[in-house]
Amino acid sequence: MEFLLENILNLVGFLVGLAIGVMSYIGFRNTGSPTLFRLTIAFLSISGGFFVIWSGYMLEDFVIKSGNIERGIQTVGIVIQTVGYFFIAFSHSIKSFFPKSNYFRSVGILPFFLVSTVQLEHIFRSISFILLVYGAIETMLSYRDNRNKGAVSVALGLALLALGEFLGWYSFVFPESILYTVSMTIKIAGLVALFIPVSKVPLKKIKFDDDLDKI
Amino acid sequence: MGEYRTQMKIIGDILHTTRDDLQDEDGATVTYLIRKANISHSRISRILKTLVSQGLLEQADSQGSNRYKISPSGREFLQAYNSFTKFADNFGLNI
């Protein structure tokens, strides 16, 4: 059951991320907007992350058949997804995400060399959780200004992804419980909520125009 | 406090004015666009120059002053701009 849900989640994540990423890229090509460029990187990264994990499960299912996905592949997928979540949060102007001191910058990366892939996975899951919560709050706040109902759906989607991420991380404490299944179901619901408003944007007559890049 | 506008939003405002809010058929004067877009003369001059060179605006010399009208490419750009503004709005962002 978990294996099936995990496959559905990663496939839906890959497709939704790819669809939003491609739409953002078309927007960037047509308008030259840096915001749309950041969204392109964000959603293509999220899509790539889900794809890596999905490939890991497929590889496990059809080739390796050990019963468990290779931990390293899962970690790489989660790291790529975290990069995507960072760019969503970054689009909302995170101004002091990185420490200013060069010393802290150099020391800051050190712990990543001292921990195993399992621990790395949990570190990146928690970073993803923080970035998703930040993105959800900022998107919800924007609803006050533009009263766009789509923003509520995107905020809900990000919040559900954050909750799913949290429960997924928490299920580490209770490995045999239903928590992990619930977390994946919530994440799938989050991805669907994220895609609903984007799918309603009319893009029928938009085409690429190279001359507009320099605006 | 005034709302912060990105360069893209200012370009969108100028193109909207030249499409929907013209004084007459000859096009809009720089003074009219400054008032509508609410930016300085030096800044709008730079933007207008870029928009004309990119083919989004057409420049005509009428009654001794430069006038600006939206071009077919400008209309296409504006359509894309409007669609992707809605797209970015869903994420709580400005393009």
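**Briefing: a predicted model of chains A and B**

B:N38 is exposed, with a relative accessible area of 62%; exposed means over 50%, buried under 20%, and partly exposed in between, with a 1.4 Å probe and protein chains only. This is a predicted model in which local features need pLDDT of at least 70 and side-chain atom pairs count only at pLDDT 80 or more, while totals for chains, interfaces and linings use all residues. Residues are numbered from 1 along each chain as its sequence is written, chains are lettered from A and ligands numbered from 1 in the order in which they are written, and side-chain values use heavy atoms, with hydrogens and water left out.

**Chain A**

- Chain A has eight helices and zero strands, where helices (H or I, at least four residues) and strands (E, at least two) are DSSP runs numbered from the N terminus.
- Along the sequence, the pattern of chain A reads α-α-α-α-α-α-α-α.
- Chain A has 215 residues, of which 45% count as buried.
- Among the contacts in chain A with a separation of 6 or more, 73% come from residues 24 or more positions apart; a contact means heavy atoms within 4.5 Å.

**The sheet of chain B**

- In chain B, three strands form an open sheet in the order β1-β3-β2, with antiparallel pairing.
- The edge strands are β1 and β2 of chain B, each pairing on one side only; two strands pair if DSSP finds at least two bridges between them.
- Strand β1 (residues 28–29) of chain B pairs with strand β3 (residues 65–70) of chain B over two bridges, in the antiparallel sense.
- Strand β2 (residues 57–62) of chain B is joined to β3(B) by six bridges, and the two run antiparallel.
- B:L57 has B:I70 in β3(B) as its bridge partner, and B:S62 stands opposite B:S65 in β3(B).
- In a regular strand, side chains alternate between the two faces of the sheet.

**Loop residues with positive phi**

- B:N38, which is not a glycine, has a positive phi near 55°.
- B:N38 lies in the loop between α2 (30–37) and α3 (41–53) of chain B.
- A:R147 is likewise not a glycine and has a positive phi of about 50°.
- A:R147 sits in the loop between α6 (117–146) and α7 (149–170) of chain A.
- A:R147 counts as exposed, at 55% relative accessibility.

**Where chain A meets chain B**

- The contact takes 34 residues from chain A and 22 residues from chain B.
- The size of an interface is often given as the accessible area lost when the parts come together.
- Chain A and chain B bury about 2400 Å² between them, 72% of it on carbon and sulfur atoms; buried area is the accessible area (1.4 Å probe) that two parts lose on being put together, summed over both.
- The side of chain A that touches chain B gets two or more residues from each of α1 (2–31), α2 (34–64), α6, α7 and α8 (179–199) of chain A.
- Helix α1(A) gives the largest share of that side, seven residues.
- By class, the side of chain A that touches chain B has 16 nonpolar, 14 polar and four charged residues; Ala, Val, Leu, Ile, Met, Phe, Trp, Tyr, Cys and Pro count as nonpolar, Asp, Glu, Lys and Arg as charged, and the others, Gly among them, as polar.
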